[in-house]
Amino acid sequence: MNIYSENDVTIEEAADTRPILIIPYMWIGDFVRGHSLVRVLNQRWPNRPIDLLTTTLCAPLIDYMPGVRAGIVWDLPRSRLALAKQRALAEKLRARNYGTAIVLPRTWKSAIAPTLAAIPERVGFVGEMRFGLINRWRWGEKALPRMIDKIGALALPDRAVLPTEWPVPQLKVPAEDVSRFRQARGLGQATAVALAPGSVGAAKRWTYYAQAARILAKRGFDVWVVGGPGEKALATEIVTEGGPRVRDLTGNDLRHGILAMAAAQLAISNDSGLMHVAAALGTPTIGIFGPTSPYHWAPLNPLAATVQTRTVVPCQPCHRPICTMNDHRCMREIPASDVVDIAERVLAQAHIGAR
């Protein structure tokens with residue numbers, strides 16, 4: 001699919017070979033969704049290499065993002081300006097001779113290094129009085145309904161009409177990497193359901209992963225608990241209740257989470273970064289939503305199923321990290337049996353059974 005007409009891209013643009021730098025959002029889910037921008041840029045400028053600034057946490061994703069030349073790993077602190085680190089980053093960027101920097105966050109701090117590096121074209125939305133830092137403005141962000149429209153608009157020519165369809169993110173993991181991961185972890189070839197119980201904000205965490213793991217294991221599935229070190233205690237609880245077919249695959253390296261989601265036949269996740277990873281990999285994914293809206297925050301890749309409470313919770317969606325009313329009903333009133341039934345239906349539609 002090409003979202004451009006012949007009139008959108010000039011001959012000079014098509015021949016341009018200057019590298020492009022993308023400064024994405026650094027949350028895992030938003031970092032994955034930002035791959036749509038890479039695909040749009042690949043279509044518009046097929047001869048321009050594309051690099052991504054990344055944190056150490058998100059860096060493993062770049063190895064599985066088609067169309068990305070390289071990642072620049074640079075951990076800037078969130079709570080302070082760190083001007084010395086910004087200058088050092090700018091020197092690194094200057095050496096790569098970027099022609100364009102596309103700055104997704106609307107913060108003043110995110111545009112400092114590209115400006116210090118004298119990147120000629122610095123594209124971004126209006127925000128935080130960045131006049132002088134951003135020199136090619138995009139307006140009307142609030143009128144764009146979803147993230148794919150916002151980030152895609154940054155790559156369009158001036159005055160271009162938004163397309164009705166955008167390319168979605170894609171993560172590609174080689175089959176041999178998946179095979180090696182299974183062998184190294186002793187996972188065997190049984191049908192596996194990956195559970196991602198973590199999230200940023202306690203309110204987005206579904207209550208009954210341990211019960212769901214137990215039911216799935218009894219029905220003949222292997223169950224893997226996937227997440228970071230913050231989910232270790234929860235994984236221990238799920239494994240203890242679920243029994244010997246339930247494995248703790250949490251760890252410090254996001255790469256292991258990516259490989260686990262690629263190896264699983266189904267993923268069940270809160271609204272979290274791993275939900276976006278699983279969906280972008282093409283693994284059938286069930287997203288459980290409570291305080292957040294699937295319209296705004298679901299992966300850009302289609303979910304196999306979206307689960308929400310069937311009862312009316314008047315404060316839903318609140319988009320709050322902590323429930324301040326109604327005792328977390330939006331998550332507590334989604335029973336484990338419902339999620340497991342949906343999981344088996346999704347697997348049956350994919351002609352996958354327990355083995």
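The points that follow take these topics in that order.

1. The coordinates are a predicted model. Everything said below about side chains and backbone angles should be read as a property of that prediction.

2. Salt bridges overall. Side chains of opposite charge can pair when their charged atoms come close. The structure holds 18 salt bridges.

3. Asp-51 and Arg-69. A salt bridge joins the side chains of Asp-51 and Arg-69, at 2.8 Å from N to O. The two residues belong to distant parts of the chain, 18 residues apart. Asp-51 sits in strand S2 (residues 50–54), while Arg-69 is in the loop between helix H4 (59–62) and strand S3 (70–73).

4. Asp-341 and Arg-219. In this salt bridge the closest N and O atoms are 3.3 Å apart. The pair spans 122 residues and links distant parts of the chain. Asp-341 belongs to helix H15 (residues 336–349), and Arg-219 to the loop between helix H9 (209–218) and strand S8 (222–225). Asp-341 is partly exposed, because its relative accessible area is 38%. Arg-219 is also classed as partly exposed, with a value of 36%.

5. Asp-338 and Arg-310. Helix H15 contributes to a further pair: Asp-338 in H15 is linked to Arg-310, which lies in the loop between strand S12 (305–307) and helix H14 (329–332). The partners are 28 residues apart and come from distant parts of the chain. Arg-310 has 72% relative accessibility and so counts as exposed.

6. Which residues are joined by salt bridges that share partners? Asp-16, Arg-18 and Arg-48 form one such network.

7. Backbone exceptions. Most residues other than glycine have a negative phi, and most peptide bonds are trans. The bond from Gln-316 to Pro-317 is cis, with omega near -5 degrees. Pro-317 is placed in the loop between S12 and H14, the loop that also holds Arg-310.

8. Positive phi values. Ala-118 has phi near 60 degrees, a positive value in a residue other than glycine. Ala-118 lies in the loop between helix H6 (112–116) and strand S5 (121–125).

9. H9 against H10. Two packed helices are described by the angle between their axes and the distance between the axes. The axes of H9 and helix H10 (residues 232–242) come within 8 Å, and their crossing angle is roughly 35 degrees. The crossing is right-handed. On the H9 side the contact is made by Tyr-209, Ala-210, Gln-211, Ala-213, Arg-214 and Ala-217. The H10 side supplies Glu-237, Ile-238, Glu-241 and Gly-242. By type, the contact residues divide into 5 nonpolar, 2 polar and 3 charged.

Technical notes: Residues numbered from 1 in each chain as written. Predicted model: local features only at pLDDT ≥ 70, side-chain atom pairs only at ≥ 80, totals over all residues. Heavy atoms only, no water. Salt bridge = Lys/Arg side-chain N within 4 Å of Asp/Glu carboxyl O. Helix = DSSP H or I, 4+ residues; strand = E, 2+ residues; numbered from the N terminus. Buried < 20%, exposed > 50% of the residue type's maximum accessible area, 1.4 Å probe, protein only. Axes fitted to C-alpha atoms, helices over the stretch in contact; angles between N-to-C directions. Left-handed = near helix turned anticlockwise from the far one by under 90°. Contact = heavy atoms within 4.5 Å. Nonpolar A, V, L, I, M, F, W, Y, C, P; charged D, E, K, R; others polar.
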